[in-house]
Amino acid sequence: MERESHLQSSLFVLCGDHGMNDAGNHGGSSIGETSPALLFISPKFQTKGMQRESPVQAASSMQYYRTVEQADITPTLSGLLGIPIPLNNLGVFIPELLSMWDHGPQRIHILLENAKQLLNTVKATFPGYAFDPKSNPPDCDSGVRTGVEEIQCTWFRVLELLQRSEGIAHPKIELALLHFSKAAQNLMSSTSSNYDLTKLNLGLCISGFAVLISSTATYRTVLKFRNATVFLILSTLGYGAMMFASSYVEEEQQFWYWIFTGWMFYLHIRLFNKQSIFLSCESASKKRYRLSAPSIAKAASPACLSICQRILRRWNQTGQKFTGEPDIARTFLSKRPIALWSLVILTYADTCLHLVLAVPSSRAWRLAAVTVTMVAFIFKVNFVASDSPELFHTSSLEWIGNINVSLVSQARLVFGGIALLIIFLICVNKMASSSHSRQRPPYIAFHELLTLFLITQSRATNVPLFSIFRSQFYIIHSMDLMDIEVTITSLLSQYMTFFAFGGSNAISSVDLSSAYNGIGSYSVVLVGVLMYISNWAGPIWWASASHLLRPNPTRGERVVRIALLTFHVTASLMSVMAACTALRTHLFIWTVFSPKYLYTVAWSMINHIAINVFSEAALQSLERK
Amino acid sequence: MSSTPPSPSLSTTTQNPPTPKPSSPPVPFLPSQAARIYSFAHPFLLLGLLGLRFDKLVADPVTELLNDLPFLALLQVGYVMTCLPPAGSGYAHGHGHSHKAVGETGGSGDSAGEEKRKTNPVVRAGKAGYRRRQQKGEAGGFSVKLIPALLSLTLIFLLATPVLSILLVLFGAPLTTHNFETVLCAAHMAVLSTTALIYVHGVDGAVWKEVWGIARPSDGVWGGALGTCVGAWFGAVPIPLDWDRPWQAYPITILTGAYIGFAVGSLIGRASFLYGKRIEFTPEELGIEKKVD
C-alpha cells in the first residue's frame, strides 16, 4: 500500500470474529476467545501522525491499545466512505478516526449524522419522549432522572451548543455529541436485552402444570412397571439438567447415544430375568436345563441392537466438538460410490419387496408398488446427479441420470404415486368393512409407503439408514417387549435417529436440500412441511414403527403411551424454557440456548403432537370403526 | 429376611417367589482382622494410586496403562488372597459371616440350592481338588489360594479383556482409532472387576450366567465388578464438555470412572442394607401375569 500511489488513501481493516484460547480453539467464554483483534491499516495514518507502537507487550488481559465495540465498526466505515449509516445501527463513530478530517465542521457533521440516526432509534423505542425542547421544557437540573430522560437532557445540551456554535470551540461540540451517542448506545443495548420476565415465568408455570398433569397420568404405570418408568424419569431428568450446559446442548446426540446404551443394558437384564424364570419353570418339569435356539437368539438380541446402534452412531458425525471427524456417510461412503449405491439399491429393493408383500392377493397393488418404487429410485438418482454429482462418478448409474424430465415433475410423480397407493389402501379398507369376506389391509402397508416417502425425502448417503432401522425393528420385534418398553425404545430411537441423520441443535444444520422436492414456486407451508419431514425422517419412521411393535393395544395402553411421551416432552420443554430464562444474559443465549428452544418447539409441537399423538389417536378411531 | 427394600428396584431374593433358587449365595469377606481392615483400605489404596499417577496417565495413556497393569494385577491378587475365600474352599458358602448370609438370604429354597450344589459334582467339577485339600487343612494354605489367583489372572487376560473390549466399542469407544487404549482400558477394567469373581467362584457356570445377566446377589465382590462397569459408563459423561482439558481425552475419564465405581461398588455392595439383594422386576415387567391370563 505504501509503494502504490493509487493506494495512498486506502484503508485496510483487519477484523477477527473471535479470538482463541491457549489450545487454539474458540467458542468458549474465556477472555482470549472473546477478544478478537481489530486493525485499521492505512498509509494515511502516517501523514496524519496517528501511529501506534507495535509490537506491544503481551498482556494476559488481552486488552491492547483500546477496546472498540463491534457495533462501532459500521458507523465508522459509513462515515469514512461517506455513505449513510444503516437504519438500525447502534454503533458510535470511533473518535480516533475523526482526525482524518482537518476541518471542524466536517467532523461535527459526521458525528451529528451518527447522533441523529441513534436518536431516531431511541425515539422509535420510546415513543413517549418527543426530544423537542420546545414542546416539553427541559427539567435537567433535578437530580433523579431515568435513562431516557438522561439521554433527552444530553440531546438538549447538544442542541444548545449547536445553536450557539459560533462562539464555541469545535472540540466541545464533538465531545457533547460523542457523549450523547455513547449514552444512547448504552441505553439501546440495555433495552435490546430487556426481557419480559413476567411472560417468561408465565410460560414456565404453564409448562410446569403440563408436567404435573402428565406425570399424574403416568403414576399408575410407575407401580406396575417400576424399573422401566424409573429409567424414563431418570433419563428425562438428566436430559433436563443437560439443557443448562451449553456444550451438552451442542453435543445432545452424545446424550441419546449414551442413554440408549444404558437402555440396551436394562433390556438385557430384564430379558435375562424373564428367560431364567422361563427356564426354571421348564427345568422344574423336565429336571434339566435346556437351551433352545430361539432362547439364545433372544438373549443375544440386545447385543445385536447395540451393534446396529453403534453403526448409527458413527453414520453422521454431528455437534460441535467432534464435527468433521471421519464418519460413515461423509467420509467413507462419499469416496466409495459403488458401496453407497449398492446400499441404496439394497434399501430400495428391500422397501419394494416389503411394499409388495404388505397387501397380499392383489395384482394391481403389486404392479403399482413396483412402479412407484422404480420412479422413486430414478428420481433419487437424478436428484443426486444434479445436487451432488461427486457421489456419482465412476458409477454405472449415469444412464438413469440422463432422463429429460425435470426434477420437479419427477418428484411430483413419486408423491402422486404414493398418494394413489394410499387412496388404493383406503378403498380396499372401505370395501373390506362393507363386505366382511375381504381382509383389511394391515397397517404395515401404510408404514411401508411412509418409508418410501421418507427415503425420497432423505439425502442419498442417509438412505441405507432405513435398512439399519429395519434390522433394529426386527430385533426389537423378536424381543417381545412390554408396551411401555416399546414406548421408551421408540422415544429414545426418535431422538437418536434425528442426530444420526446429521441433525444437531444448530440452526445451520437444518437440511434444506430435499425441502423443495416437487415444488415449482416457493410456498412457506409446503416447503416447511417438506423440510420438517426431511429433517425428522428418522423420528417419523420410529413413531410409525412403534405402532407395529405393539400389536392391538387397548385404549388404556394407548393413553399410557401418550402420557409417558407427553411427560418427556413437557419436562424437556420446561427445562429448556427454564435454562433460557436463567441464562438469558449468557454469552451463548442466541447461539446455543435459543436455537435449542426453537428445536424443542419443533419437537413438541410437530413431532409430539402432530406425529406421535395424532397417529395414535387416528389409529384408535380407525379401530373403533 | 422380610425387611422392606431401601430402593424400589432392589429387594431380598426371598421376597420374590418366582425367582429361581440362587446358584451361589453372596460371599462375605474373611473374618480375620487383617482381611477386615484391608478390604476397606484396598479401594482407597487403588484410588490413591490412580490420583498419584494421574498426570502421567494424561500425558501418555498407553505407556502408563501398560506399565501399571502388572502392579494393578499384583495388588488385586494380594487383595483377594488376603480378604476373600478362594473358590471351592467352602468358605464362601458356609463359614465366616455365614450367620449373616443365611440370615439375609436363607430360607428353604436357598439352603436347598446349596445342598444341591454341594452334592452335585457336575456343576463344580474341576475344583474337587481344592475342596479335598481344604477339608484336610485350614483355610489359610497358600497354594490353595495361589492356584485360584493364577487361574483368575489367566482368565482375565484371555477372556475378560477381549469381552470388555468388545463391550467398550459397543458402548461407544472408537473402533478405527485408539485400539491400544481400548484394549488396555478393558484390561484394567477386567483386573478390577473379574479377579475377585474368578477367585471366589472359579468357573462355576451358574454363577457366570448370573454375572452375564447382572443377576448376582449383592456382596463386596459383585459390587466391585458391577461398580467398575457402571462407573466406566458414567465416566463418559464429561467427555463432550467444551473445557478443552487434556484429561477429557478417551479413555482417561472412562478408566477413572471405572476405578471410582470399583471403590464405591465394593464398599456399598457389602453394606448390610444391600447385602444379598439383587435387581428385581415386578411380575408385570416379567410378563408373568400375561401368561396366566
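Of the 293 residues in chain B, 45% count as buried. The model is predicted. The legends below start with chain B and end with chain A.

**View 1. Chain B is built from 11 helices and 2 strands.** From the N terminus on, the order of elements is β-α-α-α-α-α-α-α-α-α-α-β-α. Contacts in chain B between residues at least 6 apart in sequence were considered, and 82% of them join residues at least 24 apart.

**View 2. Helix H7 of chain B spans residues 179-201.** H7(B) has 23 residues. From first C-alpha to last, H7(B) reaches 31 Å, close to the 33 Å expected at 1.5 Å a residue. A kink of about 40° is centred on B:Thr194. H7(B) is mostly covered, with 20 of its 23 residues buried. Just after the helix comes B:Gly202, with a positive phi of about 60°.

**View 3. Helices H2 and H7 of chain B pack with their axes 10 Å apart.** H2(B) covers residues 61-83. The angle between H2(B) and H7(B) is about 0°. The two helices are therefore roughly parallel to each other, as angles under 35 degrees count as roughly parallel. The residues of this contact divide into 15 nonpolar, 3 polar and 1 charged. From H2(B), the contact residues are B:Pro61, B:Val62, B:Leu65, B:Leu66, B:Leu69, B:Leu72, B:Ala73, B:Gln76, B:Val77 and B:Val80. They meet B:Phe180, B:Glu181, B:Leu184, B:Ala187, B:His188, B:Val191, B:Thr195, B:Ala196 and B:Tyr199 in H7(B). In an α-helix there are 3.6 residues a turn, so residues three or four places apart point the same way.

**View 4. B:Asp68 sits in helix H2 of chain B.** B:Asp68 has 19 other C-beta atoms within 10 Å, so it is partly exposed; a buried residue needs 20 or more. B:Asp68 and B:Met189 are 121 residues apart in sequence. In space, their C-alpha atoms are 12 Å apart.

**View 5. B:Ile214 lies in the loop between helices H8 and H9 of chain B.** H8 covers residues 205-212. Phi of B:Ile214 is near 50°, a positive value in a residue other than glycine. Most residues other than glycine have a negative phi. B:Ile214 counts as buried because 20 C-beta neighbours lie inside 10 Å.

**View 6. The loop between H9 and H10 of chain B holds B:Asp244 and B:Pro251.** H9 covers 220-234 and H10 covers 252-269. B:Asp244 is not a glycine, yet has a positive phi of about 60°. With 15 C-beta neighbours inside 10 Å, B:Asp244 counts as partly exposed. The peptide bond from B:Tyr250 to B:Pro251 is cis, with omega near 0°. Most peptide bonds are trans.

**View 7. Chain B touches chain A through 25 residues of chain B and 34 residues of chain A.** On the side of chain B that touches chain A, the residues divide into 15 nonpolar, 6 polar and 4 charged.

**View 8. Helix H14 of chain A runs over residues 407-434.** H14(A) has 28 residues. The helix reaches 41 Å from its first C-alpha to its last, close to the 40 Å expected at 1.5 Å a residue. Its buried residues are A:Gln410, A:Ala411, A:Val414, A:Gly417, A:Leu421 and A:Leu425. What covers these buried residues includes helix H13 (363-387) and helix H15 (443-456) of chain A.

**View 9. A:Ser458 is found in the loop between H15 and H16 of chain A.** H16 covers residues 465-479. A:Ser458 has 26 C-beta neighbours inside 10 Å and therefore counts as buried. Leaving aside neighbours within four places in sequence, A:Ser458 is in contact with A:Val463, A:Ser514, A:Ser534 and A:Ala537. A:Lys380 is 78 residues away from A:Ser458 along the chain, and their C-alpha atoms are separated by 9.3 Å.

Technical notes: Residues numbered from 1 in each chain as written. Chains lettered and ligands numbered in written order. Predicted model: local features only at pLDDT ≥ 70, side-chain atom pairs only at ≥ 80, totals over all residues. Helix = DSSP H or I, 4+ residues; strand = E, 2+ residues; numbered from the N terminus. Expected span 1.5 Å × (residues − 1). Bend = angle between axes of the 7 residues up to and from the residue. Buried ≥ 20, exposed ≤ 12 C-beta atoms within 10 Å, placed from the backbone. Axes fitted to C-alpha atoms, helices over the stretch in contact; angles between N-to-C directions. Parallel < 35°, antiparallel > 145°, perpendicular 65-115°, else oblique. Contact = placed C-beta atoms within 7 Å. Nonpolar A, V, L, I, M, F, W, Y, C, P; charged D, E, K, R; others polar.
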